[in-house]
Amino acid sequence: MNVKMGVDIGGLTLKNPVMTASGTFGYGEEYADYLDLDRLGAIVVKGLSLNPREGNPPSRIIETASGMLNAVGLQNVGVEEFIDKKLPYLRTIDSAIVANIFGESVEEYVKVAQILSNTEGVDALEVNISCPNVKRGGVAFGSDPVLAGEVTRAVKGVSRLPVIVKLTPNVTDITEIARSVEGAGADALSLINTLTGMSIDIEKRVPHLEHITGGLSGPAIKPVALRMVWETVSAVSIPVIGVGGIMDASDALEFLIAGARAVQIGTANFINPSVAIDIIDGIERYLSDNNFDDINNLIGTLRV
Amino acid sequence: MKPDTCATVFSQGETVKGHFLMTLKAPASFGRAIPGQFIMVRLEGGTTPFLSRPFSIYSIYSRGDDTFVEIFYKVVGKGTLAFSRLQEGDTLDILGPLGRGFDVPPSGGKIVLIAGGIGVAPLSFLAQRCGEDIPDTEIICYLGATGAEAIAGLGRLEEICSSVEVSTDDGSRGYHGPVTKLFKRDLSLYTDDTTRIYSCGPRPMLRHLQDLLKGRLCICQVSLEERMACGIGACLGCVTRIRSGGAEGSLVRVCKEGPVFDIRDVEFGE
């Protein structure tokens, strides 16, 4: 049976709902030896800032129960070098390219959005207002409904591309932020970013991470992500992209059934660099086995 | 497109206390590995341990149509403990060979290996390759350990090297003190233009070696160890500071730009 796998994310058309999450897939080229990049629904590149960022000093990662903490701190080449050195390769790939953008101020978000919006080869922007590992910007915008709306409105005002806003779970009520961002004109939401966490080396009595705290990812956070996606889907009418601890096709299907229009694969890429393809194939098999001819007929069919 | 990542444990044993030698039957593509490169290894299925673990390659060889990869490791945490319990026939996911290996020297001259503890693994592979490919080269090894019971990889090195000098921190065997001090004793015997030094071990040891070589011009490459999530350059978890790219230096990925670096480029910190 031929299953229709295409989805629409607020004006961004994907051949299938499987995206790779920002910060876990480099600029795409790192994975070229391990999977057929053309098969992906979308590649979301590492968060881009106006100027190159060195990120946080090591050590930056530590494994935790069913997951990991990271405090990379948005190390990236900066938007200009991205366009000169990384985008030409991405343009040869037959998947949607989503640029994740980051700023320390509303003005920086706007500048990055302006530059990328006028660049051939970028199909959508994902606005990162949820990084827990930087001193300024990031989660400071994402945890305040008014600031979140302000950034969204400003980026939307200069962008001709669909704007996805990536939300943090480190808030009391994610639906409040989601509604504010929707009201400010966002075309779609992606959630969740990492949960803030910590780990201590008891021999040395020091934090495992130089940054002390970091972002928790991996299967440990999947139930939290799924709950937040489900709540948010009911609270807004724009598409929601499910992110958080997806390791295989059945995890991805849970998010789709809960109402996510697409999913992003993050930490799983680290432990199996070709996992995104396995997930695409697994979703297709499930749809076929359950007599769905279009993935859109599965999305949001949770029976409660 | 998708590489074969399936390996089977061919044999495993504890050679000295807490140190395990595991031989994996691996896909043929691993046969191209060069000394200093590493592999990412993961237990299939479960989430404990969750991430893959990087291991230096200790040796690669083929027998008939089969390719074998040896890893030699010390149990230091949950991951290595889980690996140490694997038995013949168990399967693993492996990725590799990864990273930038040692520049194998031209023929002639002296090759000096300075190993601290389990840092012996990639150096032993290098010695083996040099012994096979450049037989007219003298290989001298300085091997350090905490104590006599923890001297790792000695037997194989003695077969390959012209001489192996041993040091222990507690003086229970060989020179009493750090391996770098043992090497310092002999430093004047080596001339810069005919000596190549390769080293792997704890960071304080490598920092001491860096200090010893100040003012000397001989080539010295070191292999660094860092925690990694992906091993392929994407997670940016394994960065280390390198003295280039401006006054502050720059952070580069041990998995991709390394794990082998020129010792003079590495910022070891305090």
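Strand β13 (residues 219–223) of chain B is mostly covered, with four of its five residues buried (20 or more other C-beta atoms within 10 Å of a residue's own; exposed means 12 or fewer, partly exposed in between, and C-beta atoms are placed from the backbone). The model is predicted: local features need pLDDT of at least 70 and side-chain atom pairs count only at pLDDT 80 or more, while totals for chains, interfaces and linings use all residues. Residues are numbered from 1 along each chain as its sequence is written, and chains are lettered from A and ligands numbered from 1 in the order in which they are written. Helices (H or I, at least four residues) and strands (E, at least two) are DSSP runs numbered from the N terminus.

In chain B, β13(B) pairs in the parallel sense with strand β12 (residues 195–200) over five bridges; pairing requires that DSSP finds at least two bridges between two strands. Within this pair, B:Arg196 has B:Ile219 of β13(B) as its bridge partner. Helix α4 (residues 179–186) of chain B has B:Val179, B:Thr180, B:Leu182 and B:Phe183 as its buried residues. Seen down the axis of α4(B), these fall within an arc of 155°, so they line one face of the helix; the arc is that of the directions from the helix axis to the C-beta atoms. The cover over the buried residues of α4(B) includes the chain B elements β8 (110–116), β9 (138–145), β10 (163–168), β11 (175–176) and α5 (203–212).

Chain A contains an open sheet of four strands in the order β5-β6-β14-β11, with antiparallel pairing. Its edge strands are β5 and β11 of chain A, each of which pairs on one side only. Direction ignored, neighbouring strands of this sheet are turned by 40° against each other on average. Strands β5 (residues 61–64) and β6 (residues 67–70) of chain A run antiparallel and are joined by four bridges, with A:Asn70 in β6(A) as the bridge partner of A:Ile61. The hairpin of β5(A) and β6(A) has two residues between the strands, and A:Ser66 takes a positive phi near 50° there. On to the next strand, β6(A) pairs with β14 (residues 213–217) of chain A in the antiparallel sense over three bridges, and A:Met68 stands opposite A:Ser217 in β14(A).

A:Leu195 is found in strand β11 (residues 195–198) of chain A and is buried, with 20 other C-beta atoms within 10 Å. Neighbours within four places in sequence aside, A:Leu195 is in contact with A:Pro169, A:Asn170, A:Gly215, A:Leu216, A:Ile221 and A:Val224 (contact: C-beta atoms, placed from the backbone, within 7 Å).

Helices α6 (residues 222–235) and α7 (residues 249–258) of chain A pack at an angle of about 20°, with their axes 9 Å apart. Axes are lines fitted to C-alpha atoms, for helices over the stretch in contact, and angles run from 0 to 180 degrees between N-to-C directions. α6(A) and α7(A) are therefore roughly parallel to each other (under 35 degrees; over 145 is roughly antiparallel, 65 to 115 roughly perpendicular and the rest oblique). Their crossing is right-handed, that is, the near helix is turned clockwise from the far one by less than a right angle. The axes of α7(A) and helix α9 (residues 275–289) of chain A come within 8 Å and cross at roughly 60°. A:Ala249, A:Ala252 and A:Leu253 of α7(A) make this contact with A:Asp278, A:Ile279, A:Gly282, A:Ile283 and A:Tyr286 of α9(A).

Key: Contact = placed C-beta atoms within 7 Å.
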